[in-house]
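User: I should like to go through the assignments made for this structure. For each one, please set the value against its definition.

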Amino acid sequence: MKNLLLTTALAFTFSAPVFAAGTHNGGHDAAKADDHAEMAMGMPGDAHKVDRTIDVILVETDDGEMLIKGEDFDIKQGETIRFKIRNKGELEHEFVLDTMEENAEHKEMMAKMDMEHDDPNSIRLDSGQDGEIIWTFANAGTFEAACLIPGHYESGMYREVTVNASPAQADMTMAQAEVKYSTGTVKKIDAKAGKVTVAHGPLVNLDMPSMTMVFRADEDMIAKMSEGQDIEFVEERVEGKLTIVQMK
Ligand SMILES: [Cu+2]
């Protein structure tokens with residue numbers, strides 16, 4: 001009641017400045033929309049192309065913590081995730097996906113005034129309410145899920161969101177691609193040390209130029225080689241060492 005009276009009084013006294021403030025807010029919202037169009041994290045996901053659902057629970061604990069519970073937010077680049085979010089707490093909570101920087105900035109703004117986020121990367125839920133966010137994580141990196149209602153972040157209401165550089169896509173490329181062989185001539189074999197010296201052409205799998213190098217090779221592989229032999233092989237970096245893992 002007190003607030004209402006104050007607002008009315010202000011509006012009455014300074015109707016022109018209040019109108020100006022409204023225009024200013026409009027400008028701010030437009031700038032914010034632009035930000036989200038090119039979000040570092042990715043873009044709103046297509047509900048028909050969800051790869052995986054992650055269940056999330058927002059809740060307070062008896063000892064005053066506020067938590068975002070659920071499995072690790074460990075995501076593969078390119079994945080579209082449906083976050084099924086349930087507020088099991090007694091208070092209202094948010095679930096905002098963004099960069100840590102953006103979240104910190106929004107948190108600061110929310111400390112000054114209670115803004116309700118209504119962007120595709122965020123949702124606000126009353127006690128007992130369910131909701132969902134569907135998001136396509138287009139870029140690798142570390143992001144954050146957080147509740148930005150004043151005091152909640154500080155009480156523990158944030159979680160790291162890790163987006164790993166597309167191993168899924170890399171795996172698929174490997175499986176689909178024909179095995180590529182590099183060529184070379186065996187110069188020297190040191191079976192005891194598990195090393196072979198090969199004068200090779202371009203290493204097609206590691207994208208390295210022609211030269212003579214020492215490779216690791218296991219016993220079985222070395223058994224197939226003899227000095228002076230021309231070979232076609234697949235090289236790989238195994239524990240940091242150039243290794244011949246396959247031969248024709
Ligand atoms: Cu909260």
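Analyst: We may begin with the residues of H3 and their burial. In this predicted model, Glu102, Asn103, His106 and Met110 of H3 are buried. A residue is buried if 20 or more other C-beta atoms lie within 10 Å of its own, exposed if 12 or fewer, and partly exposed in between, with C-beta atoms placed from the backbone. Local features need pLDDT of at least 70 and side-chain atom pairs count only at pLDDT 80 or more, while totals for chains, interfaces and linings use all residues. Residues are numbered from 1 along each chain as its sequence is written.

User: Why are the buried residues said to be on the same side of H3?

Analyst: Glu102, Asn103, His106 and Met110 are the buried residues of H3. They cover an arc of only 95° around the axis, and therefore lie on the same side of H3; the arc is that of the directions from the helix axis to the C-beta atoms. On the other side of H3, Glu101, Glu108 and Lys112 are exposed. The cover over the buried residues includes E6 and E9.

User: How do you know that the length of H3 agrees with its number of residues?

Analyst: The expected span of a helix is 1.5 Å times one less than its number of residues. The 13 residues of H3 should therefore span 18 Å, and its end C-alpha atoms are 19 Å apart, which agrees. Helices (H or I, at least four residues) and strands (E, at least two) are DSSP runs, numbered from the N terminus. Helix H3, residues 100-112, lies across E6 and E9 and runs at about 140° to E6; axes are lines fitted to C-alpha atoms, for helices over the stretch in contact, and angles run from 0 to 180 degrees between N-to-C directions.

User: What makes E4 and E7 the edge strands?

Analyst: Two strands pair if DSSP finds at least two bridges between them. The open sheet has five strands in the order E4-E10-E9-E6-E7, with mixed pairing. Strands E4 (73-76) and E7 (122-125) each pair on one side only, and are the edge strands. The twist from one strand to the next averages 20°. Within the sheet, E9 (residues 141-146) and E10 (residues 158-164) pair in the antiparallel sense over six bridges, and Thr162 in E10 is the bridge partner of Thr142.

User: What makes the largest nonpolar core a core, and which residues have the most contacts inside it?

Analyst: A nonpolar core is a set of buried Ala, Val, Leu, Ile, Met, Phe, Trp, Tyr and Cys residues joined through C-beta atoms within 7 Å. The largest has 31 residues, and those with the most contacts inside it are Phe95, Leu97, Ala145, Ala146, Cys147 and Met157. Apart from it lies another core, of nine residues, including Val186 and Phe215. Contact between two residues requires C-beta atoms, placed from the backbone, within 7 Å. Beyond its neighbours within four places in sequence, Phe95 is in contact with residues including Val56, Phe83, Ile123 and Ala145.

User: Why does Asp207 count as exposed?

Analyst: Asp207 has 7 C-beta neighbours inside 10 Å and therefore counts as exposed. The residue lies in the loop between E12 and E13, and its phi is positive, near 60°, although it is not glycine.

User: How do you know whether Glu239 is buried or exposed?

Analyst: Glu239 has 6 other C-beta atoms within 10 Å, so it is exposed. Its place is the loop between E14 (230-238) and E15 (241-247). Phi of Glu239 is near 50°, a positive value in a residue other than glycine.
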